[in-house]
Amino acid sequence: MLKRFSLEGKVAVVTGAASGLSQAIAVGFAGAGADLVIADINHDGLHETAKSIRALGQKAEVCLCDIADAAAVENLFARADEVCGRVDILLNGPFAFNREKPEKLTLADWNDAIAVCLTGFFTCAQQAGQRMIGRGAGGSIISIGSIAGASALGRGNFVYSVAKAGVHQMTRELAVEWAAHGIRVNALLPAQMRTPSVKRWLEDPITDRGLVAHLLKGIPMNRLGEPEDIVGPAIFLASDAAAFVTGTLLPVDGGNLALNAGGSHTW
C-alpha cells in the first residue's frame with residue numbers, strides 16, 4: 001500500500017519553491033521520488049532548494065519565474081518540456097499582497113495581489129492542464145489555498161482572503177472540468193504556519209505581542225503549524241494514493257476550521 005504514495009518516475013513543477021511551504025513541499029516531493037522543476041523570483045532561495053533536492057538523488061531544474069507574468073509562465077512550462085518532457089504534478093504556491101484595510105487598499109495593490117495569488121495560479125494550472133490533457137495520462141494539480149479563503153481573518157488580509165477564496169472555487173471548477181482527463185485538482189488550506197515570512201511578522205516590534213496567543217485560541221491543537229506539516233498532505237494529493245480524490249479543499253490547520261467562532265478548546 002505504501003507504494004501508492006511514491007512519486008517515483010514523476011515530474012513535478014513547484015512554483016514559489018525558494019522558501020516556506022512550497023520549498024518544504026518541493027523537497028518532500030523529491031524525498032518521495034519525483035524529479036522537480038522549481039520556480040520563483042528568488043534566485044538564491046531557489047538554488048538552496050535545488051541543493052536539497054539533489055542531495056536526495058533527484059533532478060532539480062531551476063527557473064526564475066514571476067507567475068504574474070503570463071509569458072514567464074509559458075517559458076517555465078516550455079523549459080519543463082525541454083528538460084523533462086512531461087509534467088505529472090503542479091504545485092501552485094506563491095503569494096504576494098500588502099496587508100491593508102479595505103478602505104485604504106489601492107487598486108494597484110489589489111491588482112498586484114490578484115495577479116500572483118489567483119491569476120498566476122490559473123495560468124500555471126492552464127499550462128499544466130494542457131500538457132496533461134495532451135499526454136492523456138492524467139495528473140495532479142495542487143494549489144496552496146488558506147483558511148483565509150474559507151472564513152474572514154480581518155487584520156488587513158482582505159485582498160489575500162478574496163484571492164484565496166477564488167483559488168478554492170477555481171479548484172472545484174477545474175476538478176469538474178478536467179475529471180474526464182484523469183486530472184485531479186485539489187487545494188491545501190493551511191492555518192498560520194511558521195514560515196520565514198510569518199516568523200519575521202511575529203518578531204516585528206510593531207506586531208501585537210498578544211497575537212500568537214490570540215491565534216492559538218482558534219487552533220485546537222494549540223500550536224502554529226510548521227512547513228513540514230503540509231508535506232505529507234501534499235504528497236498524498238500528488239500520489240496514486242489519492243487516485244479518487246479531486247475537488248477537495250483539505251484543511252491543514254490544527255482544527256481551526258472545525259472550531260465554531262464562539263467555541264473554545266479550553267475549559
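**Exercise 1.** State in which strand N92 is found, and whether N92 is buried or exposed.

*Solution.* Step 1: N92 lies in strand β4, residues 89–92. Strands are DSSP runs of E with at least two residues, helices are runs of H or I with at least four, and both are numbered from the N terminus. Step 2: the relative accessible area of N92 is 0%, so N92 is buried. The classes are buried under 20% relative accessible area, exposed over 50%, and partly exposed in between (1.4 Å probe, protein chains only).

The model is predicted: local features need pLDDT of at least 70, side-chain atom pairs count only at pLDDT 80 or more, and totals for chains, interfaces and linings use all residues. Residues are numbered from 1 along each chain as its sequence is written, and side-chain values use heavy atoms, with hydrogens and water left out.

**Exercise 2.** Find which side chain makes a polar contact with the side chain of N92, and list the residues in contact with N92 beyond four places in sequence.

*Solution.* Step 1: the polar contact is with the side chain of S143, at 3.2 Å. Such a contact is a pair of N or O atoms within 3.5 Å; within protein, one must be able to donate a hydrogen and the other to accept it, and residues adjacent in sequence count only if both atoms are side-chain atoms. Step 2: with neighbours within four places set aside, N92 is in contact with T15, F121, C124, A125, I142, S143 and I144. Contact requires heavy atoms within 4.5 Å.

**Exercise 3.** Describe the salt bridge between E48 and K51.

*Solution.* Step 1: the N to O distance between the two side chains is 3.5 Å. A salt bridge is a side-chain nitrogen of Lys or Arg within 4 Å of a carboxyl oxygen of Asp or Glu. Step 2: E48 and K51 are three residues apart in helix α2 (residues 43–55), so about one helical turn separates them. Step 3: E48 is partly exposed at 44%, whereas K51 is exposed at 52%.

**Exercise 4.** Locate the partners of the salt bridges R131 to D81 and R135 to D88.

*Solution.* Step 1: the closest N and O atoms of R131 and D81 are 3.0 Å apart. R131 is in helix α4 (residues 107–135) and D81 in helix α3 (residues 70–84), so the pair links distant parts of the chain, 50 residues apart. D81 is partly exposed, at 34%. Step 2: for R135 and D88 the closest N and O atoms are 3.4 Å apart. R135 belongs to helix α4 and D88 to the loop between α3 and β4, 47 residues apart. R135 is partly exposed at 37%, while D88 is buried at 6%.
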